Amino acid sequence: MSDENLTKPRQAEPVSGGCQCGAVRYSIGRLGKATICHCRMCQKAFGNYFAPLVVAHNIEWTRGKPAIFRSSETNWRGFCNQCGTPLTYEYEGHVEIAIGTLDNPDLAPPVQQVNARYRRHGVHGLIQLPEKPLDEMQQDELWNQSVVSHQHPDHDTEADYQPGD
Ligand SMILES: [Zn+2]
Ligand SMILES: [Zn+2]
């Protein structure tokens with residue numbers, strides 16, 4: 001990996017993002033520390049091996065609001081109640097946002113693993129897994145190009161935007 005790939009891209013402020021259907025959109029004044037959390041609660045909340053999260057300072061909900069599941073006595077998890085996208089991990093006075101929901105997730109490269117002792121076995125060596133052979137990759141790419149997406153684009157849209165447009 002070249003040093004270039006490790007350099008944090010310049011953060012254009014504020015930072016925008018939202019759920020996959022576009023019913024919930026946000027603007028973040030400043031991004032804080034980005035981590036991946038391996039705890040079992042994050043695995044369930046994200047339906048995944050771990051949760052990539054970045055601290056969101058001065059977050060404003062610019063369209064809709066996340067629905068909230070109170071996942072513990074002290075914590076809340078926000079998600080879109082129309083498309084199910086996990087959006088936040090929260091405790092009193094503190095909001096972290098799911099990195100994959102940023103319009104540009106590269107703005108928040110994780111710098112630390114949290115709750116590493118709960119890391120699932122499958123995580124080790126994930127990116128060393130063999131890639132599909134070239135001809136299959138090319139077929140996948142053709143397929144990708146044929147997909148008509150119903151997801152919200154990676155930028156803010158007009159107020160009359162309808163999910164699925
Ligand atoms: Zn949504
Ligand atoms: Zn966690």
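## Terms and numbering

Two residues are in contact if their C-beta atoms, placed from the backbone, lie within 7 Å. That rule is used throughout this report, for example for Pro14, which touches Ser27, Ile28 and Gly29 when residues up to four places away in sequence are not counted.

The model is predicted: local features need pLDDT of at least 70, side-chain atom pairs count only at pLDDT 80 or more, and totals for chains, interfaces and linings use all residues. Residues are numbered from 1 along each chain as its sequence is written, while chains are lettered from A and ligands numbered from 1 in the order in which they are written.

## Confidence

The predictor's confidence in each residue is the pLDDT, which runs from 0 to 100. Its average over the protein chain is 92, and 91% of the residues score at least 70. Residues 1–5 fall below 50. Beyond near neighbours in sequence, that stretch has 1 contact in the model.

## Overall layout

The protein chain has 3 helices and 8 strands. Helices (H or I, at least four residues) and strands (E, at least two) are DSSP runs, numbered from the N terminus. Their order along the sequence is α-β-β-α-β-β-β-β-β-β-α.

The C-alpha atoms fill a box of roughly 45 × 45 × 30 Å, taken along the principal axes. The radius of gyration, taken over C-alpha atoms, is compared with a globule rule of 2.2 Å times the number of residues to the power 0.38. For 165 residues, a compact globule would come out near 15 Å; the protein chain has 17 Å, which agrees.

A residue is buried if 20 or more other C-beta atoms lie within 10 Å of its own, exposed if 12 or fewer, and partly exposed in between; the C-beta atoms are placed from the backbone. Buried residues make up 27% of the 165. Of the contacts between residues at least 6 apart in sequence, 63% join residues at least 24 apart.

## The nonpolar core

A nonpolar core is a set of buried Ala, Val, Leu, Ile, Met, Phe, Trp, Tyr and Cys residues joined through C-beta atoms within 7 Å. The largest one has 29 residues. Ala51, Leu53, Val54 and Ile97 have the most contacts inside it. At least two residues each come from β2, α2 (40–46), β3 (51–63), β6 and β7 (94–98). β2 gives the most, with 6 residues.

What does Leu53 touch, leaving out residues up to four places away in sequence? The list is Thr35, Cys37, Tyr89, Glu96, Ile97, Ala98 and Ile99.

Strands pair if DSSP finds at least two bridges between them. Strand β4 (residues 67–69) and strand β5 (residues 75–79) run antiparallel, joined by 3 bridges. Phe69 has Arg77 of β5 as its bridge partner. The two strands form a hairpin with 5 residues between them.

β5 also runs antiparallel to strand β6 (residues 86–91), with 5 bridges. Here Phe79 is the bridge partner of Pro86 in β6. This hairpin has 6 residues between the strands, and Gly84 takes a positive phi near 85°.

Arg30 lies in strand β2 (residues 25–37). It counts as partly exposed because it has 13 C-beta neighbours inside 10 Å. Its contacts, leaving aside neighbours within four places in sequence, are Glu13, His57 and Asn58. Arg30 and Glu13 are 17 residues apart in sequence, yet 6.8 Å apart in space, C-alpha to C-alpha.

Pro14 sits in the loop between α1 (3–6) and β1 (15–18). Pro14 is partly exposed, with 16 other C-beta atoms within 10 Å. Its C-alpha is 9.2 Å from that of Ile59, 45 residues apart along the chain.

Most residues other than glycine have a negative phi. Asn58 has a positive phi of about 55° although it is not a glycine. Asn58 is in strand β3 and is exposed, with 11 other C-beta atoms within 10 Å.

Asn115 also has a positive phi of about 55° and is not a glycine. Asn115 lies in the loop between β8 (112–114) and α3. With 17 C-beta neighbours inside 10 Å, Asn115 is partly exposed.

## Helix α3

Helix α3 (residues 134–146) has 13 residues. From first C-alpha to last, α3 reaches 19 Å, close to the 18 Å expected at 1.5 Å a residue. That expected span is 1.5 Å times one less than the number of residues. Is α3 largely in the open or buried? The number of its residues that are buried is 0, so α3 lies largely in the open.
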